[in-house]
Amino acid sequence: MNVLECSHIRKSFGSLEVLKDISLTVKEGEILSIIGPSGSGKSTMLRCATMLETIDSGEIRYMEKTAASTKADGTVLYAPKQELKEISRQYGLVFQNFNLFPHFDVWKNITDAPIRVQKRKREEVHKEAAELIRKMGLEGKEHAYPCQLSGGQCQRVAIARALALNPKILFFDEPTSALDPELTGEVLKVIKSLADLDIAMVIVTHEMAFARDISHKVIFMADGVIVEEGTPEQVFASGNERTRAFLGKYGNMLSEDGR
């Protein structure tokens, strides 16, 4: 089953058309990386898919439930508020700047939404939170506040917080862009470790070796369109001139990684 289907998505800001007829699907457990130059529309696509931005036209579906669709007169109709709330429980979003609650400690950042928003049993949430803290390597930091953590630790808390909602799909918007190289490796290692959870992931990233190694599918975007889509092997060995020009800038990074 497809967890996410985005069909013919268009989005403009004023006279600037940022997304030009974008369609993509993500199956259960599938890892999709979206690569491309800055300004190509990657992050806007994520924001539209997660309803942080409204689309100008197209359709968005989660687990066969329609979140947004275009009517015959060209206007976009979003699902009623309660339905959107249910749909939003299918996904989690990890921001590049963490977006943790500064006045909550690590434990409350992770457990607050499952208990207060999802109304789940406290004992069940606490048990899962303890396991997530262990998996993220955050033991001993349960009562630390975001200002007391490194950038890498904050991002690991953000990932744990997203996972605590038991989503079907996780979105990562350049999860390492705010980190130095050492912390980048630390966070990428954590994201790779999530592959065994069988959660679908959509990752916008400039880490080419990471995208190549972790993904089932890669999309290369430029100028608001999908230039190329395929397996990592297909995209990274592409003969497409635009794709090759982009990947050429990362040639050293890719070759140093052992291929």
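The model is a predicted one, so local features need pLDDT of at least 70 and side-chain atom pairs count only at pLDDT 80 or more, while totals for chains, interfaces and linings use all residues. Residues are numbered from 1 along each chain as its sequence is written, and side-chain values use heavy atoms, with hydrogens and water left out.

Taken as a whole, the protein holds ten helices and eleven strands. Both kinds of element are DSSP runs, numbered from the N terminus: helices are H or I with at least four residues, and strands are E with at least two. Along the principal axes, the C-alpha atoms fill a box of roughly 50 × 50 × 35 Å. For 259 residues, a compact globule would have a radius of gyration near 18 Å, and the protein's 19 Å agrees with that. (This radius is taken over C-alpha atoms, and the globule rule is 2.2 Å times the number of residues to the power 0.38.) Of the 259 residues, 49% count as buried. Here, buried means under 20% relative accessible area, exposed means over 50%, and partly exposed is in between, using a 1.4 Å probe and protein chains only.

Five of its five residues are buried, so E9 is largely enclosed by the rest of the structure. In a regular strand, the side chains alternate between the two faces of the sheet. In E9 both faces are covered, with Ala200, Val202 and Val204 buried on one side and Met201 and Ile203 buried on the other. E9 also has pairing partners, where pairing requires that DSSP finds at least two bridges between two strands. Strand E3 (residues 31–35) runs parallel to E9 and is joined to it by four bridges; Ser33, for instance, has Ile203 of E9 as its bridge partner. Strand E8 (residues 169–173) is parallel to E9 too, with five bridges between them, and Leu170 has Met201 of E9 as its bridge partner. To get from E8 to E9, the chain passes through helix H6 (residues 181–193), making a right-handed β-α-β crossover. Right-handed here means that, with the strands pointing away from the viewer, the path from the first strand over the helix to the second runs clockwise.

Helix H3 (residues 106–116) has its own set of buried residues: Val106, Asn109, Ile110, Thr111, Asp112, Pro114 and Ile115. Their cover includes helix H4 (122–135) and helix H5 (151–163). Within H5 sits Gln153, which is buried at a relative accessible area of 17%. Beyond residues up to four places away in sequence, Gln153 touches Leu138, Lys141 and Glu186. Ala164 lies in the loop between H5 and E8 and is buried as well, with a relative accessible area of 5%. Leaving aside neighbours within four places in sequence, Ala164 is in contact with Ile110, Pro114, Gln118, Arg120, Glu128 and Leu132.

Two loop residues have backbone angles worth a quick look. Asp198, in the loop between H6 and E9, has a positive phi near 60 degrees without being a glycine, and it counts as exposed at 56% relative accessibility. Asp223 is not a glycine either, yet its phi is positive at about 55 degrees. Asp223 belongs to the loop between strand E10 (217–222) and strand E11 (225–230) and counts as exposed at 52% relative accessibility.

What about disulfides? A search of the whole structure finds zero, with a disulfide taken as a pair of cysteine sulfur atoms within 2.5 Å. For Cys48, the closest cysteine sulfur is in Cys6, 8.5 Å away and too far for a bond; Cys48 is buried at 0% relative accessibility. The sulfur of Cys154 has its closest cysteine sulfur in Cys147, at 8.7 Å, which is again too far for a bond. Cys154 is buried, with a relative accessible area of 6%.

Definitions and conventions
Contact means heavy atoms within 4.5 Å.
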